Amino acid sequence: MMLPGFPDAAPFAGLGGGILIGLAAALMLLGAGRIAGVSGIAARALGISDSGMSKSSAWMFIIGLPLGAFIVAVWSGGLDAKFAGTGALIAAGLLVGIGTRLGSGCTSGHGVCGVSRLSQRSVVATVTFMAAGIATVAIMNAMGLEVLQ
């Protein structure tokens with residue numbers, strides 16, 4: 001299916017991915033009684049936080065994220081991925097980490113789990129990080145900087 005103005009869009013793959021993310025978040029909440037917020041789980045795995053799931057479960061979750069992506073990439077014939085330079089990735093990671101701590105959660109915790117629970121704090125956080133992302137792309141485009149796709 002081709003969407004006007006979005007020749008590389010894959011709406012059915014996106015729908016399938018969204019369903020799987022929602023299912024995983026629901027299973028984690030119903031099965032473990034925990035929000036599937038990656039930043040909180042990563043903090044637990046690294047020993048920064050003592051609350052939440054066991055440390056070994058947190059590590060399995062964190063390892064499963066790239067492992068699952070790798071399996072899908074191999075199964076689907078590979079991905080043509082492009083990445084920014086090392087310095088940009090480090091700076092972006094630090095900024096995301098700071099924002100995650102300031103916002104008391106990440107996109108998965110607020111955007112997927114919090115909004116679905118109708119949490120006002122999560123709705124505000126999600127609107128804020130979406131607006132910041134849109135503004136960043138608009139500024140980069142205005143400055144003539146390339147946005148990797």
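**Figure 1. Overall fold of the predicted protein chain.** From the N terminus on, the protein chain runs α-α-α-α-α-α, that is, six helices and zero strands (DSSP runs numbered from the N terminus, helices being H or I of at least four residues and strands E of at least two). This is a predicted model, in which local features need pLDDT of at least 70 and side-chain atom pairs count only at pLDDT 80 or more, while totals for chains, interfaces and linings use all residues. Residues are numbered from 1 along each chain as its sequence is written, and side-chain values use heavy atoms, without hydrogens and water. Along the principal axes, the C-alpha atoms fill a box of roughly 45 × 35 × 35 Å.

**Figure 2. Packing of helix H2 against helix H3.** The axes of H2 (residues 38-45) and H3 (residues 55-75) come within 8 Å and cross at roughly 125 degrees (axes fitted to C-alpha atoms over the stretch in contact, angles from 0 to 180 degrees between N-to-C directions).

**Figure 3. Residues in the contact of H2 with H3.** H2 contributes Val38, Ile41, Ala42, Arg44 and Ala45, and H3 contributes Lys55, Ala58, Trp59, Phe61, Ile62 and Leu65 (contact: heavy atoms within 4.5 Å). By class, nine of these residues are nonpolar, none polar and two charged (Asp, Glu, Lys and Arg count as charged; Ala, Val, Leu, Ile, Met, Phe, Trp, Tyr, Cys and Pro as nonpolar; the others as polar).

**Figure 4. Burial in the protein chain.** Of the 149 residues, 15% count as buried (under 20% relative accessible area, 1.4 Å probe, protein chains only).

Key
Buried means under 20% relative accessible area, exposed over 50%, partly exposed in between (1.4 Å probe, protein chains only).
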